[in-house]
Amino acid sequence: MPMILGYWDIRGLAHGIRLLLEYTDSSYEEKRYIMGDAPDYDQSQWLNEKFKLGLDFPNLPYLIDGPHKITQSNAILRYIARKHNMCGETEDEKIRVDILENQLMDTRMVLARLCYNPDFEKLKPEYLEQLPGMIKLYSEFLGMQPWFAGDKGLQKISAYMKTSRFLPTPLFTKMATWGNK
């Protein structure tokens, strides 16, 4: 039985989950909730279902895998990774995965705050000025290794990005003005 991934009809927080599901050749279906365009967002599709799914903390994204009902993007990513033995094999790899996960969250939050800020255009140059320093930290963490942890390649993700299942909508396009509603 395929897993069910529920999220808005954008890339957003579910995009990394989709990439990991594709990478692991997991059987899954998507439940995409349509919100519509700004400024007249309509969340009724999600709100009509939200408390009927049996989720402990009803939220998007969610993943249902048989009896397992998971919300929170990082919890979903960790579940899939554990299921496929991708959380590191040695203690050093596990530590690197944990560090990288949290550093990526920090980086994502900086970008999200920028994208949702009404002063986006004014703040964008400062973000772009700091970006090389952030990327340098990742580069130094990677060092001479081909991958951040282990030797798992990215060929399957690249192939997925060339299919029709890959959402062409940019990460935050439809929701960028959410706070200005």
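**An aromatic cluster and its surroundings**

Analyst: Happy to! Tyr-33, Trp-46 and Tyr-62 form one aromatic cluster. Please keep in mind that this is a predicted model.

User: What makes Tyr-33 and Trp-46 an edge-to-face pair?

Analyst: Two values settle it. The ring centres of Tyr-33 and Trp-46 are 5.3 Å apart, and rings pair if their centres lie within 6.5 Å. The angle between the planes is 70°, and planes over 60 degrees apart count as edge-to-face. A search of the whole structure finds three aromatic pairs, in case you want to look for others.

User: Why do you say that the pair of Tyr-33 and Trp-46 ties together parts of the chain?

Analyst: Tyr-33 belongs to strand β2 (residues 28–33) and Trp-46 to helix α2 (residues 44–47), so the pair links parts that are 13 residues apart in sequence. Both Tyr-33 and Trp-46 are buried.

User: Why is the pair of Trp-46 and Tyr-62 called stacked?

Analyst: The planes of Trp-46 and Tyr-62 lie at 25° and their centres are 6.0 Å apart. The cut-off for stacked is under 30 degrees, with centres within 6.5 Å, so this pair is stacked. Trp-46 is in helix α2 while Tyr-62 is in strand β3 (residues 62–65), so here the parts tied together are 16 residues apart in sequence.

User: How do you know that Trp-46 and Tyr-62 are buried?

Analyst: Buried means under 20% relative accessible area. Trp-46 has 4% relative accessibility, so Trp-46 counts as buried. Tyr-62 has 2%, so Tyr-62 counts as buried too.

User: What makes Gly-6 a buried residue, and which residues is Gly-6 in contact with?

Analyst: Gly-6 is found in strand β1 (residues 3–8). Its relative accessibility is 0%, so Gly-6 counts as buried by the cut-off of under 20%. Leaving aside neighbours within four places in sequence, Gly-6 contacts Lys-31, Tyr-33, Leu-60, Pro-61 and Tyr-62. Two of the cluster residues, Tyr-33 and Tyr-62, are in that list.

User: Why is α1 called roughly parallel to α3?

Analyst: Helix α1 (residues 15–23) and helix α3 (residues 73–83) pack at an angle of about 10°, with their axes 10 Å apart. Angles under 35 degrees count as roughly parallel, so α1 is roughly parallel to α3. On the α1 side, Gly-16, Ile-17, Leu-20 and Leu-21 meet Ser-73, Ile-76, Leu-77, Ile-80 and Ala-81 of α3. By class, that contact has seven nonpolar, two polar and no charged residues.

User: What else do the buried residues of α3 pack against?

Analyst: Besides α1, they pack against β3, β4 (68–71) and α4 (91–116). The buried residues of α3 are Ser-73, Ile-76, Tyr-79, Ile-80 and Ala-81. Just after α3, Asn-85 takes a positive phi of about 55°.

User: How do you know that α4 is roughly antiparallel to α5?

Analyst: The axes of α4 and helix α5 (residues 120–142) come within 10 Å and cross at roughly 170°. Angles over 145 degrees count as roughly antiparallel, so α4 is roughly antiparallel to α5. Among the residues making the contact are Arg-96, Ile-99 and Leu-100 of α4, and Tyr-138, Phe-141 and Leu-142 of α5. The contact has 14 nonpolar, two polar and two charged residues.

User: What makes you say that the charged end of Arg-96 sits over the ring of Phe-141?

Analyst: The charged end of Arg-96 is 4.0 Å from the centre of the Phe-141 ring. The distance cut-off is 6 Å, and the group must also be within 35 degrees of the ring normal. Arg-96 is counted as sitting over that ring.

User: Why is Asp-98 called partly exposed?

Analyst: Asp-98, which lies in helix α4, has 35% relative accessibility, so Asp-98 counts as partly exposed. Buried is under 20% and exposed is over 50%, with partly exposed in between.

User: How many helices and strands does the chain have?

Analyst: The protein chain has six helices and four strands, in the pattern β-α-β-α-β-β-α-α-α-α along the sequence. Of its 181 residues, 34% are buried.

Technical notes: Residues numbered from 1 in each chain as written. Predicted model: local features only at pLDDT ≥ 70, side-chain atom pairs only at ≥ 80, totals over all residues. Heavy atoms only, no water. Helix = DSSP H or I, 4+ residues; strand = E, 2+ residues; numbered from the N terminus. Buried < 20%, exposed > 50% of the residue type's maximum accessible area, 1.4 Å probe, protein only. Axes fitted to C-alpha atoms, helices over the stretch in contact; angles between N-to-C directions. Parallel < 35°, antiparallel > 145°, perpendicular 65-115°, else oblique. Contact = heavy atoms within 4.5 Å. Nonpolar A, V, L, I, M, F, W, Y, C, P; charged D, E, K, R; others polar.
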